[in-house]
Amino acid sequence: MTTTMAKTDIKTGKLERYGLTDDKLRALLRNMLLQRQLDNRGFQLNRQGKVPFALGSEGHEALQAGAAMAFERGKDILAPYYRDLGLCLGIGLSPYEILLSIFARAADHNGGRQFPNHYSSKQAGLMSFSSILAAHIPHAVGAAYAIKYRGEQGRAVLVTSGDGTTSEGEWHESMNFAAIHELPMVMLVENNEWAISTPLDKQMAQPEIWKRAAGYGMPGRRFNGFDPIETYGAVKEAMDRARSGGGPSIVEGTCYRYLAHSTDDNDMTYRTKEVVQERRKNDPVPRFEALLVEYGVMSERDVEAMRKDVLRETNDATDRAEAMPYPQPSDLYTHVYEGAWEPWQ
Ligand SMILES: Cc1ncc(C[n+]2csc(CCOP(=O)(O)OP(=O)(O)O)c2C)c(N)n1
Ligand SMILES: [Mg+2]
């Protein structure tokens, strides 16, 4: 099944771009290319025995690049989950910062002690999160509550999860609480149809997650997460509502996970190569490249130059991050206990 990308205005035949300038459209593509390159790099480094673990966001590029474009830097807060490489890049993290995390180096924001792909950055408004599915969602609700409690205007929390995570109790409790208190929060669900080896139909009997919003008493909608422009339009609408006192909502983007769950997973034990190949026809990266060329935003040559530049930046960031030292064993308890207290003393 393929879905169409980007609506055109029927009257003018023009691209519906929700106010995005050419520069912003190019930034969307650059983010998507970077995601793909960094995904690949993580898997390569793992296979070379240089890093213990990597996760891919292949198939989520458009969704994450579009959603990140709806985030207001310096105001909003992002509470992401582990597959959100593109969201983190899109709100301002650099490939070097991403690679410091993958390599678990001391200069990483978490001191090289977090699980890979669990980024955080106070400066970027990126909350630290845990590997426990949905555990970050009550934290995001708390941040949204704080914004409301302090009477701050024009800010909202963007919290994300996969489809499988929406089965967790904390997910439901968080939606209920956010709706009751009309909190400035957007729940973005990245529905890639899998939770490791569990398919969507073994996860929920009603597969349209956005429809749950009505049960909590908030707006919900679904969008085509293979299209970065449509994603931007949907997430921006929800964030604008949350920022201006309109309360929370659930936005669900459809996408697909092209790679195995992680470098520790073999997806060929629960799905076939043929199915994945068929779904690759929807690959958002080449389709968005083609769209920008078709509408004259970029030439083929520009796209090729951007791909090269992304590879150069990724190589450079890889070399710089790899050359950095690991944390010192003596730092083990830094940020764990208050002050200089150590548990064995
Ligand atoms: C509470 C809890 N249960 C199980 C796991 C193991 N686990 C890690 S990722 C994952 C799948 C989550 O799927 P989904 O929310 O759809 O996100 P996706 O990985 O597909 O992006 C599971 C079951 C966990 N980390 N935490
Ligand atoms: Mg999933």
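Guide: The crossing of H1 and H10 is left-handed, a term used if the near helix is turned anticlockwise from the far one by less than a right angle, with right-handed used if clockwise. This is a predicted model, in which local features need pLDDT of at least 70, side-chain atom pairs count only at pLDDT 80 or more, and totals for chains, interfaces and linings use all residues. Residues are numbered from 1 along each chain as its sequence is written, while chains are lettered from A and ligands numbered from 1 in the order in which they are written.

Visitor: Which residues of H1 and H10 make the contact?

Guide: Two residues are in contact if their C-beta atoms, placed from the backbone, lie within 7 Å. Here H1 contributes Leu 25, Leu 29, Met 32, Leu 33 and Arg 36, and H10 contributes Pro 284, Val 285, Phe 288, Glu 289 and Leu 292. By class there are 8 nonpolar, no polar and 2 charged residues; Ala, Val, Leu, Ile, Met, Phe, Trp, Tyr, Cys and Pro count as nonpolar, Asp, Glu, Lys and Arg as charged, and the others, Gly among them, as polar.

Visitor: At what angle do H1 and H10 pack?

Guide: Axes are lines fitted to C-alpha atoms, for helices over the stretch in contact, and angles run from 0 to 180 degrees between N-to-C directions. Helix H1 (residues 22–47) and helix H10 (residues 284–294) pack at about 155°, with axes 10 Å apart. The two are therefore roughly antiparallel. Angles under 35 degrees count as roughly parallel, over 145 as roughly antiparallel, 65 to 115 as roughly perpendicular and the rest as oblique.

Visitor: How does H1 pack with helix H4?

Guide: H1 and H4 (residues 95–102) pack at an angle of about 25°, their axes being 11 Å apart. That makes H1 roughly parallel to H4. Leu 34, Leu 38, Gly 42 and Leu 45 of H1 meet Pro 95, Ile 98 and Ile 102 of H4. This contact has 6 nonpolar residues, 1 polar and no charged. The crossing of H1 with H4 is right-handed.

Visitor: And what is the angle between H1 and helix H2?

Guide: For H1 and H2 (residues 61–69) the angle is about 135°, with the axes 9 Å apart. H1 and H2 are therefore oblique to each other. Their crossing is right-handed.

Visitor: How many helices and strands does the protein chain have?

Guide: Helices (H or I, at least four residues) and strands (E, at least two) are DSSP runs, numbered from the N terminus. The protein chain has 11 helices and 7 strands. Its C-alpha trace spans about 75 × 50 × 40 Å along the principal axes.

Visitor: Which residues are closest to ligand 1?

Guide: A residue is near a molecule or strand if its C-beta atom, placed from the backbone, lies within 6 Å of it. Ligand 1 is surrounded by 15 residues, the closest being Leu 133, Gly 162, Gly 164, Thr 165 and Ala 195. Strand S2 (157–162) and strand S4 (194–195) are the elements that give two or more residues to this shell. The shell comprises 5 nonpolar, 7 polar and 3 charged residues.
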